[in-house]
Amino acid sequence: MKPIKVGVLGLGTVGGGAVNVLTRNAKEIARRAGRDIVVTHASAKDLNKARICDTTDIVLTTDSFEIINNPEIEIILELMGGTTQAKELVFAAIENGKHVVTANKALIALYGNEIFAKASEKGVIVAFEAAVAGGIPIIKAIREGLSGNQIEWLAGIINGTGNFILTEMRDKGRDFADVLAEAQALGYAEADPTFDVEGIDAGHKLTILAAIAFGIPLQFSKVYTEGITQITRADVNYAEELGYRIKHLGIARKTQKGIELRVHPTLIPHRRLIANVNGVMNAVLVKGDAVGATLYYGAGAGAEPTGSAVVADVIDVVRALTSDPENRVPHLAFQPNAIVDIPVLAAEDIKTAYYLRLNAEDKPGVLADVTKILADQNISIEAIIQKEPLKGETSLPIIMLTQQTLEKEMNAAIAKMEALSTIIGKITRIRMETLG
Ligand code: HSE
């Protein structure tokens with residue numbers, strides 16, 4: 001059989017990693033796919049830039065459309081990122097009848113509904129394993145391995161950069177900015193790293209996971225998103241004292257009232273396996289009604305881990321080339337006509353437990369006022385500790401853990417507590433999940 005020709009758009013960290021894996025493991029890959037898979041063409045913005053991969057046998061161009069319009073190329077790897085040119089190229093590739101493999105979570109989260117509709121119309125595959133959790137085959141696990149289950153919830157550390165920053169801050173006391181610069185140098189961070197630290201990247205990935213877990217449309221605009229920039233060392237330490245770790249989680253849960261879609265720092269019991277996922281590693285917990293809780297762990301970013309996921313998709317595409325498009329695994333796990341627009345809950349209708357840190361004046365009656373406000377709002381306190389003033393400050397930190405309550409009740413309680421003359425500044429609120 002003739003080799004399958006692949007064109008790569010973008011030769012940065014992910015593109016370079018994918019080319020390296022395809023080249024180094026070419027024989028093993030051919031044994032699996034049943035055909036040789038060869039990268040013949042690639043595009044890059046700057047052809048003179050040093051690369052992590054050998055491009056000797058690859059025709060290079062700065063014009064990605066040359067690749068999209070090349071009739072010999074059957075599979076396009078969109079590894080350039082961004083949602084402007086990448087979107088145009090992906091639609092053009094589909095229009096030309098080419099299969100697409102992408103690592104672009106923003107593109108899938110924002111435009112996936114249209115992309116998959118177009119791909120189905122044209123009978124081509126758009127594969128996106130590398131878009132979520134780097135090298136972990138989480139899309140395949142949920143879409144195929146757990147397809148007999150009703151998925152109840154999933155929770156994941158799905159941004160490697162953010163987890164790397166939190167881990168280095170906790171374990172080595174390093175500065176946020178310093179660790180972020182290292183994550184950028186290692187090729188973990190997004191082109192715009194605010195996507196990593198403000199939770200946007202995790203929101204894109206959660207959008208994709210929720211769609212394939214619950215059979216709902218991709219709807220990034222409905223994800224509640226909060227990043228890690230407000231996390232202080234003091235909160236990390238108090239959480240540890242109480243037996244918890246702070247992790248940045250993406251959580252999707254199907255409730256009677258609708259779907260929760262949220263990304264935020266979260267206290268989780270330190271004995272949970274996922275609480276011990278450190279550095280650039282990612283992990284996703286998925287709870288199915290039949291299988292129970294399952295956990296998937298691996299490198300969440302980086303050249304070859306992400307390349308591993310890209311290449312797995314390429315092999316899947318090659319294996320499916322001769323199959324009838326109607327009988328392929330649906331892009332979003334559920335048949336397109338069976339996708340249901342279940343309502344996504346507003347942030348204030350989310351139910352969770354909370355960690356609160358208040359700075360209080362050292363006066364009698366402060367605690368009584370605070371606990372009364374919580375009781376009036378029907379919020380039960382699980383634990384409460386009063387600490388010594390932080391260095392250079394006179395106010396006393398009060399740390400509280402509450403039981404589960406509706407976010408709107410907590411918002412009201414926080415507003416009332418912040419209005420007390422004895423409470424200084426803003427109250428820190430971090431959501432808490434047992435993941436049991
Ligand atoms: N910036 C992303 C991360 C890359 O750190 O997880 C992998 O999607």
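These notebook entries record what I looked up in a predicted model of a protein.

**Basis.** I worked from a prediction in which local features need pLDDT of at least 70 and side-chain atom pairs count only at pLDDT 80 or more, while totals for chains, interfaces and linings use all residues. Residues are numbered from 1 along each chain as its sequence is written, and side-chain values use heavy atoms, with hydrogens and water left out.

**Overall form.** I compared the radius of gyration, taken over C-alpha atoms, with the globule rule of 2.2 Å times the number of residues to the power 0.38. For 436 residues a compact globule would have a value near 22 Å, and the protein has 24 Å, which agrees. The C-alpha atoms fill a box of roughly 80 × 45 × 35 Å along the principal axes. I noted 14 helices and 17 strands; these are DSSP runs numbered from the N terminus, helices being H or I of at least four residues and strands E of at least two.

Buried residues make up 55% of the 436, where buried means under 20% relative accessible area, exposed over 50% and partly exposed in between (1.4 Å probe, protein chains only). I then looked at contacts, meaning heavy atoms within 4.5 Å. Among contacts between residues at least 6 apart in sequence, 73% join residues at least 24 apart.

I traced an open sheet of six strands in the order 3-2-1-4-5-6, with parallel pairing. Its edge strands are strand 3 (59-61) and strand 6 (126-127), each pairing on one side only. Two strands pair if DSSP finds at least two bridges between them. Strand 1 (residues 4-9) and strand 2 (residues 37-43) have six bridges, and Gly-7 stands opposite His-41 of strand 2.

**Strand 10.** I next examined strand 10 (residues 259-269), in which eleven of eleven residues are buried. Strand 9 (residues 244-254) pairs with strand 10 in the antiparallel sense over eleven bridges, with Arg-253 opposite Glu-260. The hairpin of these two strands has four residues between them, and Gly-258 there takes a positive phi near 155°. Strand 8 (residues 224-225) pairs with strand 10 in the parallel sense over two bridges, where Thr-225 faces Val-263. Two bridges also join strand 10 to strand 17 (residues 423-432), again running parallel, and Thr-266 stands opposite Arg-431.

I found strand 11 (residues 281-288) and strand 12 (residues 292-299) running antiparallel and joined by eight bridges. They form a hairpin with three residues between them, and Leu-285 has Leu-295 as its bridge partner. Both strands are among the elements covering the buried residues of helix 6, as are strand 7 (151-157) and helix 10 (200-214). Those buried residues of helix 6 (residues 138-145) are Ile-138, Ile-139, Ala-141, Ile-142 and Arg-143.

I looked up Lys-105, which is found in helix 5 (residues 105-122). Lys-105 is buried, with a relative accessible area of 14%. Leaving aside neighbours within four places in sequence, Lys-105 is in contact with Ala-131, Glu-190, Asp-201, His-204, Lys-205 and Ile-208. Asp-324 lies in the loop between helix 12 (303-320) and strand 13 (351-360) and is partly exposed, at 36% relative accessible area. I noted that Asp-324 and Lys-254 are 70 residues apart in sequence and 33 Å apart in space, C-alpha to C-alpha.
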